[in-house]
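Here is my note on the model you sent. Please read it with the structure open beside you.

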Amino acid sequence: MKKRIFSMLFFMYMAFLILFVVLKFDGSFEALISLRRSIMENEQNGIINVNLIPFRSISPYLRNITEPFAFRNIAGNIVLFLPLGFFFCNIFSKKILKSIILCIAVILVIECIQFVFKIGFFDVDDVLLNFVGCLFGICVGLVLNAVDTSIKQ
């Protein structure tokens, strides 16, 4: 029963990631369509929706971290991926490296989908922040597993 609930929560979380992180769904698809048009127009003007320089897009946020928009961007990118690390840590309990690799793979797939389908930007800073969230999730999972093991003994 416990595994079934865990599996359901995992798949619900993955659906959440697809809907709200990949597709940026906010109740209607108009914003997504508008973003896609904007990205396509930018590409026609020679501007590509890619940032491969670490800290380029988050540096202004870090300098203004006390501003709500900056804090929300950084914290959101971290918090949204904390459950991914937690789930993978629990699915592969003794294989932390496998959890880390899968987290990176999921993050890169999301960024590549946004780039290929022109529904967002491939941003290495998002990859870094999302990965930090995954690492926090893995740590939480490890601590909870250790506590659970010590309680059972």
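## Note on the predicted model

1. The lining of the largest pocket has, by class, seven nonpolar, five polar and five charged residues. The model is a predicted one, and every value in this note is computed from it. The volume of this largest pocket is about 610 Å³. Its lining is made up of 17 residues. Those nearest the centre of the pocket are Lys 2, Phe 6, Asn 90, Asn 145 and Asp 148.

2. Which helix gives the largest share of the lining of the largest pocket? It is H7, with seven residues. At least two lining residues each come from H1, from helix H5 (82-91) and from helix H7 (124-152).

3. The second largest pocket has a volume of about 490 Å³, and 21 residues line it. Nearest its centre lie Lys 24, Asn 73, Asn 77, Gln 114 and Asp 126. By class, this lining has nine nonpolar, seven polar and five charged residues. H4 gives the most, with four residues. H1, helix H4 (68-79), H6 and H7 each supply at least two residues of the lining.

4. Next, the contacts of helix H1. The axes of H1 (residues 2-22) and H6 (residues 96-116) come within 11 Å and cross at roughly 35 degrees. The crossing of H1 with H6 is right-handed. On the H1 side the residues are Met 14, Leu 17, Val 21 and Val 22, and they meet Val 106, Ile 110, Ile 113 and Gln 114 in H6. By class, this contact has seven nonpolar residues, one polar residue and no charged residues.

5. H1 also passes H5, here in a left-handed crossing. The axes of H1 and H5 come within 11 Å and cross at roughly 145 degrees. From H1, the residues Phe 6, Leu 9, Phe 10, Tyr 13 and Met 14 take part. In H5 they meet Pro 83, Leu 84, Phe 86, Phe 87, Phe 88, Asn 90 and Ile 91. The contact of H1 with H5 has, by class, eleven nonpolar residues, one polar residue and no charged residues. Phe 6 in H1 and Asn 90 in H5 belong to this contact; Phe 6 and Asn 90 are also among the residues nearest the centre of the largest pocket.

6. Which residues of H5 are buried? They are Leu 84, Gly 85, Phe 87, Phe 88 and Cys 89. Their cover includes H1, H6 and H7.

7. Gly 120 sits in the loop between H6 and strand S2 (122-123). Is Gly 120 buried or exposed? Its relative accessible area is 0%, so Gly 120 counts as buried, the cut-off being under 20%. Leaving aside residues up to four places away in sequence, Gly 120 touches Lys 24, Leu 35, Ile 39, Asn 49, Gln 114 and Phe 115. Gly 120 and Phe 88 are 32 residues apart in sequence, and their C-alpha atoms are 25 Å apart in space.

8. Asn 130 belongs to helix H7. Asn 130 is buried because its relative accessible area is 2%. Not counting residues up to four places away in sequence, Asn 130 touches Asn 77, Phe 81, Ile 107 and Glu 111. Asn 77 is also one of the residues nearest the centre of the second largest pocket.

9. Most residues other than glycine have a negative phi. Lys 24 is not a glycine, yet its phi is positive, at about 55 degrees. Lys 24 is found in the loop between H1 and helix H2 (30-44). With a relative accessible area of 32%, Lys 24 is partly exposed. Lys 24 is also in contact with Gly 120.

10. The other angle belongs to Phe 55, where phi is near 70 degrees, a positive value in a residue other than glycine. Phe 55 lies in the loop between strand S1 (50-51) and helix H3 (59-63). Is Phe 55 buried, exposed or partly exposed? Phe 55 is partly exposed, because its relative accessible area is 45%.

Definitions and conventions
Residues are numbered from 1 along each chain as its sequence is written. This is a predicted model: local features need pLDDT of at least 70, side-chain atom pairs count only at pLDDT 80 or more; totals for chains, interfaces and linings use all residues. Side-chain values use heavy atoms; hydrogens and water are left out. Axes are lines fitted to C-alpha atoms, for helices over the stretch in contact, and angles run from 0 to 180 degrees between N-to-C directions. A crossing is left-handed if the near helix is turned anticlockwise from the far one by less than a right angle, and right-handed if clockwise. Contact means heavy atoms within 4.5 Å. Ala, Val, Leu, Ile, Met, Phe, Trp, Tyr, Cys and Pro count as nonpolar, Asp, Glu, Lys and Arg as charged, and the others, Gly among them, as polar. On a 1 Å grid over the protein atoms alone, a cavity is a set of points where a 1.4 Å probe fits but cannot get out, and a pocket is an open set with protein on both sides within 12 Å along at least five of seven lines; lining residues have an atom within 4 Å of a point. Grid points are joined across faces, edges and corners, and a volume is the space filled by probe spheres set on the points. Buried means under 20% relative accessible area, exposed over 50%, partly exposed in between (1.4 Å probe, protein chains only).
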